[in-house]
Amino acid sequence: MTLGQVLIAAAAAHGASDAIVFPDRRYSYAELLDRARRRAKSLMALGVAKGDHVGLLLPTSFEFIEVMFGAALAGAVVVPVNCRYVSHELAYVIENADLVTLVTTDRVTDNVNFIERLERALPGLRQQENPLSLRLEGAPKLRNIAVLGLEEHDGYVGKSRFDALADGIADEDLDARIAATKGDDIALILYTSGTTSSPKGCLIAHESIVGNSRALGRDRYRLTHEDRFWSPLPIFHIAGILPMVAIMDVGGAYLTMPHFSAGPALKMLEAERATATYPCFVTIMQDLISHPDFPKTDLSSVRLMNSSFAVQPPGIKEAMSAAMPHAIQVGTYGLTEASGTICTSRLDDPYEVRTTRLGAPLAGWEVRIANPETGETCAPGEIGEILARGPGMLKGYYKAPEKTAETIDRDGWLHTGDLGSLDENGNIMFHGRLKDMLKVGGENVAAVEIESHIARHPAVKLAQVVGVPHERLAEVPAAFVELKPGCHATEEEIIAFCRGEIASFKVPRYVRFVTEWPMSTSKIQKFRLREALIEELKQGELAPAQGGAA
């Protein structure tokens, strides 16, 4: 199936049922399909042809979902653009992705104005004579930018004009596009820049995202039309798109919000009687259990939670399990290059397995653990690089054959760059990134091991460890720590907490406290932490604390 066919089938079977629910508004499947068809016609009227690339610079919103499915119905390739990107990143993606049309809005908040960012990214935009046919040196293939905000802006196609364009396209012309779009056509180009500074565009086919969503939703999670699936994750990320397609594939309701905030999230979970939840990431889990409303929120409707307790800091597992004793907690491992999830827990696995591992491969997937140096398959329990092969794999990186060759080997294995292990029953565990392996005086050190120990300190909310250069030892560990609200700790206290509990060469030489993390869509960008500390040390402003011994 294609993304468009998923929506068409759901509307035919469950037209009056909730499809998309925001805290203050909702669409039925019939309404969503009608809106998506209108958006498809507007894009076609702008000149979008089958296979053209349409960018979406929109936050989680009805507009994003309408245009995403509209572009899919029109046979276009959807390119979600990270709303956190600044101007030079926007310029890179617009040019690299060969966008012909970009759909955006203007002011999202007082601090976020996409028009201002775009005009810094694309000089001369306001001076364009014809917004239907742009001529920009930095983006030669970009023909127009539609703005779905309330104001009109020079150089852009405004909302009223964009909407009116749909009237010029006949239903028969759109239906022909729908029929011409096939499962092996590219549906999405998803740019990944989680822990590196060079985004790569993952080519994801319709059959890959739909098939993987079905394997997760129908097969593993056993979702039905009665389920109400809550996910607060950004819709421009695979972790937002995957659960939405999974629940739409069975005609259930997708519950989400424009941006995650723990208080409104808890209210929504209770009011909408969510049955499945997808919080996943540590920052979201921490905020939920730390909110004063958490203990008094009725979460009894939740039967399934993608919690990944195996990789969460101490305390989260206990708090969530106490609040939802009847919910089935599952772990998940995946990445953008695999259309989201590769492994997730079986619902009938023992609680201990579901909360200490990250699950088994979905239908059609193969996973093996390989020695990073020899390529030989590791025995159960041994740590090596996670390799995966299956129907949800990317077709390659857009305009980057060398990166594709580095990532997908001749036997079709996707080299994830992640460290993991498999137990005797095929359940996976994540042990960090290959690049997160520090080499301290010849000793291999996994950053996640140090992070896990620091996270046990009673004042620590979250810890991240990077390696920084050292004259004699090549590199040494440095810890970045976010403290719990109202708690206090010093650099010396954190180092003392580690000394004697982990090997001396693993003890951080530096500790820095943060209140805000540099983020990609869903991951902490460790390279930014590392760069900032290296720059600080170059300035010679602070001497290293007395951490581990050589």
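1. Helix α1 (residues 3–14) packs against α3 with about 110° between them and 7 Å between their axes. The axes are lines fitted to C-alpha atoms, for helices over the stretch in contact, and angles run from 0 to 180 degrees between N-to-C directions. Helices (H or I, at least four residues) and strands (E, at least two) are DSSP runs, numbered from the N terminus. The two helices α1 and α3 are therefore roughly perpendicular (the term covers 65 to 115 degrees; under 35 is roughly parallel, over 145 roughly antiparallel, and the rest oblique).

2. The model is predicted: local features need pLDDT of at least 70 and side-chain atom pairs count only at pLDDT 80 or more, while totals for chains, interfaces and linings use all residues. Residues are numbered from 1 along each chain as its sequence is written, and side-chain values use heavy atoms, with hydrogens and water left out.

3. On the α1 side the contact (heavy atoms within 4.5 Å) is made by L3, G4, L7 and I8, and on the α3 side by F69, A72 and L73. Six of these residues are nonpolar, one is polar and none is charged. Here Ala, Val, Leu, Ile, Met, Phe, Trp, Tyr, Cys and Pro count as nonpolar, Asp, Glu, Lys and Arg as charged, and the others, Gly among them, as polar.

4. An open sheet of four strands runs in the order β19-β20-β21-β22, with antiparallel pairing (two strands pair if DSSP finds at least two bridges between them). Because β19 (366–370) and β22 (428–433) are edge strands with a single partner each, one side of each has no neighbour in the sheet. Direction ignored, neighbouring strands of this sheet are turned by 50° against each other on average.

5. Within that sheet, β20 (residues 384–389) and β21 (residues 414–422) are joined by four bridges, and A388 has L414 of β21 as its bridge partner. Five bridges join β21 to β22, where S421 stands opposite M429. The hairpin of β21 and β22 has five residues between the strands, and G426 in it takes a positive phi near 80°.

6. A three-stranded open sheet, also antiparallel in its pairing, has the order β16-β17-β18. Its edge strands, β16 (332–335) and β18 (360–361), each pair on one side only. Four bridges join β16 to β17 (residues 340–344), with L335 opposite G340. Helix α8 (residues 206–220) packs on this sheet, touching β17 and β18, and its direction makes about 40° with that of β17.

7. The second largest pocket holds about 1,300 Å³ of space. Of its 39 lining residues, R84, P234, P258, H259 and F260 are the closest to the centre. The elements giving two or more residues to the lining are α3 (62–73), β6 (107–109), α5 (114–121) and α11 (282–290). By class, the lining has 20 nonpolar, nine polar and 10 charged residues. A pocket is an open set of points, on a 1 Å grid over the protein atoms alone, where a 1.4 Å probe fits, with protein on both sides within 12 Å along at least five of seven lines; lining residues have an atom within 4 Å of a point. The volume is the space filled by probe spheres set on the points.
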